[in-house]
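Q: I would like to learn how to read a few local features of a protein model, taking each one in turn. Could we work through an example together?

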Amino acid sequence: MFSSTLTTNISSAREGDRPKAVSSFQLVCMTFVIGLGLNMLNLPALLVMEGGRDGWITMLILSVFDCAALYCTLAVMDYLKKGNFNGKAYRVLKIIFGVVLFLWTLCKLMLLVGEARLFFGKTVFDNLDWLVFLGLLCGLSAILGGGGARGLGRLCELLLPIAVVTVIVIVLTAFSGDIDYGNVFPILHNNGAALKSPLKFALWTGNYPILFGFFRNVEFKKHTKLFSVSAAAASGALATALTFALSAAYGSVTQLIYYGNNAADMNQYVSNYNFGRIDLIVFTVWSVVLLVETGLFQHCCARALSGIIGIKKPWLYSWLSALAVYILMHTVAPCDVRLFNFATVYAAPLAIGVQILPFVVAAVCLVVWGVKRIREGKNGDKA
């Protein structure tokens, strides 16, 4: 009787906790949104500006690397959820991991805010006071980041159709003009500049480690990792297709491109204005997706602070990190040029380290798992 009651209570408790978790489908939607956010705004122009006709190769390399990093990230999350880790060594590693993620997410939030400033300041809201825009954006991201993981997962689920339609329109617009796709050949003509670009623009890519901030609130099913990686591959393929079209159109005239050109402006020239200013409508809708991605990074930043301090106050940490971004944008990157230098020179090494982190942690977990299996086997033999 007692055993039956206890089982029922545990089952009901689990059912009560389940609504707070990010469902498997929401995780798939989240990976698709994360894979498209920064990759579809200014990054294609930057890669073409840096690598010329080989810019699309850089995006392809980045997409493949991101898919591998995502799989390692999800594998680690699944492993940590199943294990019971504690002890002094685990707490020290948790703090170190939290510090790295906190610094990285702050840099990412600065880039996201700066990219939004760059796009809207040159298109829709050219007369908007930057202080007002920055305050509104930081405030909205703080609200999103201070909420629960389930709410962010639900937002990504609702925005998935918008993201899919929007990015398809962007890609089709890029391919609608009179482009000589033979311009992309021969490949690697620019002394391998396309192979060096992933290091320079590392802060724009490698976004999937933010999922480490959700590992306690994610529901894993049998094919969750497979579907999530497939969603990331789809977003990477779309980003590569867009960059391929822009590489063919602008690869030989990269002197016309500068930081501030985005896919909206470049698509207009490529499509010969066949669609009017539909790019503004599309990218204004796309900004909602970008805002949700900002909320995801804000949430990860708050969770990282919780791991460092040890007190769970996500809403407070979200507002504190938003305030930190507001101050840093005024002091470190008050203009687009200084933001670009900060992202490509000072923040790039940290971004590269975080991109490698999922592979390192996955290798460590694999070693720990192997040691446990060996010990269990020895204990079984002794018995």
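Predicted model: local features only at pLDDT ≥ 70, side-chain atom pairs only at ≥ 80, totals over all residues.

Q: Where is serine 23 placed, and is serine 23 buried or exposed?

A: The general idea is to locate the residue among the elements and then to compare its relative accessible area with the cut-off for burial, which is under 20%. Here serine 23 belongs to the loop between helix 1 (2-17) and helix 2 (24-36), and because its relative accessible area is 16%, serine 23 is buried.

Q: Which residues does serine 23 touch, and what does its side chain reach?

A: Leaving aside residues up to four places away in sequence, serine 23 touches Arg150 and Glu219. The side chain of serine 23 also reaches the backbone nitrogen of glutamine 26, at 3.2 Å.

Q: How many cavities of 30 Å³ or more does the structure hold, and which residues line the largest cavity?

A: There are three cavities of 30 Å³ or more, and the largest has a volume of about 80 Å³. Among the residues that line the largest cavity are Ile34, Asn39, Asp66, Cys67, Tyr208 and Ser235. Helix 2, helix 4 (55-82) and helix 9 (224-250) are the elements that give two or more residues to this lining, and by class the lining has four nonpolar, seven polar and one charged residues.

Q: How many disulfides are found in the whole structure?

A: A disulfide is a covalent bond between the sulfur atoms of two cysteines, and a pair counts when the two sulfur atoms lie within 2.5 Å. A search of the whole structure finds zero disulfides. For cysteine 29, the nearest cysteine sulfur is that of cysteine 156, 7.4 Å away, and cysteine 29 counts as buried because its relative accessibility is 1%. In the case of cysteine 300, the closest cysteine sulfur is in cysteine 301, and because the two sulfur atoms are 7.4 Å apart, they are too far for a bond. Cysteine 300 is buried as well, with a relative accessible area of 1%.

Q: How many residues of helix 3 are buried, and what phi does glycine 52 take?

A: Helix 3 (residues 43-51) is mostly covered, with seven of its nine residues buried, including Leu43, Pro44, Leu47 and Gly51. Just after helix 3, glycine 52 takes a positive phi of about 65 degrees.

Note on methods
Residues numbered from 1 in each chain as written. Heavy atoms only, no water. Helix = DSSP H or I, 4+ residues; strand = E, 2+ residues; numbered from the N terminus. Buried < 20%, exposed > 50% of the residue type's maximum accessible area, 1.4 Å probe, protein only. Polar contact = N/O pair within 3.5 Å; in protein donor to acceptor, adjacent residues only side chain to side chain. Contact = heavy atoms within 4.5 Å. 1 Å grid on protein atoms, 1.4 Å probe; cavity = no way out; pocket = protein on both sides within 12 Å on 5 of 7 lines; lining within 4 Å. Points joined across faces, edges and corners; volume = space filled by probe spheres on them. Nonpolar A, V, L, I, M, F, W, Y, C, P; charged D, E, K, R; others polar.
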